[in-house]
Amino acid sequence: MKETVTLNIGSEAFTLDKDASRLLRSYLNDIRSRLPEDEAETIDDIEVRIAEIFRDRISSPMRVITIETVRATMKQLGAPSDFGERRDGTRSEAPETEDDAAEAPSPAPRKLYRSRNERSIAGICGGLAAYFDADPTMVRLLMLLLILFGGLSIWAYIILWIVIPEEPRHRFSLNDKKR
């Protein structure tokens with residue numbers, strides 16, 4: 001399970017995973033460093049456009065924006081170099097080409113867990129929904145239909161209950177910093 005961050009982009013709140021948030025911030029900072037100091041309105045317009053793209057790409061406001069969505073948005077808006085030369089003459093932080101994007105750190109592989117939050121019985125459907133980035137209600141309905149009308153028996157559900165580990169607890173510390 002990835003940590004998420006809520007950001008205000010173009011006067012709208014969006015929930016992004018930590019890697020997507022980092023990539024988007026570095027992209028916007030790179031663009032900001034290429035624009036003249038007094039061009040705050042241009043950055044605001046870019047953020048509004050990013051918000052529009054995010055609204056078009058996600059099906060519900062409750063969905064988390066992933067790094068793939070941010071990369072597709074960056075590709076649609078263009079490379080930071082399209083906005084001009086940097087004022088300070090340093091190298092870009094955000095990947096500008098596909099070759100640079102391949103060098104960017106890839107997100108950690110996802111693992112299948114039984115959900116602690118989205119559970120009705122054992123958290124199997126909630127865990128599958130989180131793994132496949134789907135709606136837990138739809139996964140529950142699909143599971144019910146498979147159990148009632150074919151292929152999947154209640155024994156398969158029980159075996160999944162035994163085999164799939166429960167999602168680890170997130171330990172909170174007073175030293176954790178939110179960014």
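**Close-up views of the chain**

**View 1**
S115 is buried, with a relative accessible area of 9% (buried is under 20%, exposed over 50%, and partly exposed in between, using a 1.4 Å probe and protein chains only). This is a predicted model, in which local features need pLDDT of at least 70 and side-chain atom pairs count only at pLDDT 80 or more, while totals for chains, interfaces and linings use all residues. Residues are numbered from 1 along each chain as its sequence is written, and side-chain values use heavy atoms, with hydrogens and water left out. You will find S115 in the loop that runs between α4 (98-103) and α5 (124-132). Helices (H or I, at least four residues) and strands (E, at least two) are DSSP runs, numbered from the N terminus. Leaving aside residues up to four places away in sequence, S115 touches A122, G123, G126, G127 and E167, where a contact means heavy atoms within 4.5 Å.

**View 2. The whole chain, for orientation.**
Step back for a moment: the chain has 7 helices and 2 strands, and along the sequence they follow the pattern β-β-α-α-α-α-α-α-α. Of its 179 residues, 32% count as buried. Among contacts with a separation of 6 or more, 56% are between residues 24 or more positions apart. The accessible surface comes to about 12300 Å², and carbon and sulfur atoms hold 55% of that (Shrake-Rupley method with a 1.4 Å probe; for residues, only the protein chains shown count as cover).

**View 3. V5 in strand β1.**
V5 sits in strand β1, which spans residues 4-9. At 9% relative accessibility, V5 is buried. Look also for T15: 10 residues separate V5 and T15 along the chain, and their C-alpha atoms are 5.6 Å apart.

**View 4**
The whole structure holds 4 salt bridges, each a side-chain nitrogen of Lys or Arg within 4 Å of a carboxyl oxygen of Asp or Glu. One of them pairs E3 with K18, with 3.4 Å between the closest N and O atoms. This pair links distant parts of the chain, since E3 is in the segment before β1 and K18 is in helix α1, 15 residues apart. Both ends are partly exposed, E3 at 35% and K18 at 23%.
D19 and R22 form another salt bridge, at 3.5 Å from N to O. Both residues lie in helix α1, 3 residues apart, which is about one turn of the helix. D19 is partly exposed at 21%, whereas R22 is exposed at 51%.
E47 and R32 also form a salt bridge, with their closest N and O atoms 3.9 Å apart. E47 lies in helix α2 and R32 in helix α1, so this pair ties together parts that are 15 residues apart in sequence. E47 is buried at 18%, and R32 is partly exposed at 33%.

**View 5. Two surface patches.**
Patches here are made of residues with over 30% relative accessible area and no salt bridge, joining like charges within 9 Å and nonpolar side chains (Val, Leu, Ile, Met, Phe, Trp, Tyr) within 5 Å. The nonpolar patch consists of I121, I154, W155, I159, W161, I162 and V163, with about 820 Å² of accessible area together. Within it, W155 lies in helix α7 (residues 154-163) and is exposed at 60% relative accessibility.
D38, E39, E41, D44 and D45 form a negative patch. Asp and Glu count as negative, Lys and Arg as positive, and His and the chain ends are not counted; a charge is placed at NZ of Lys, CZ of Arg, CG of Asp or CD of Glu. E39 lies in the loop between α1 (18-34) and α2 (40-57).
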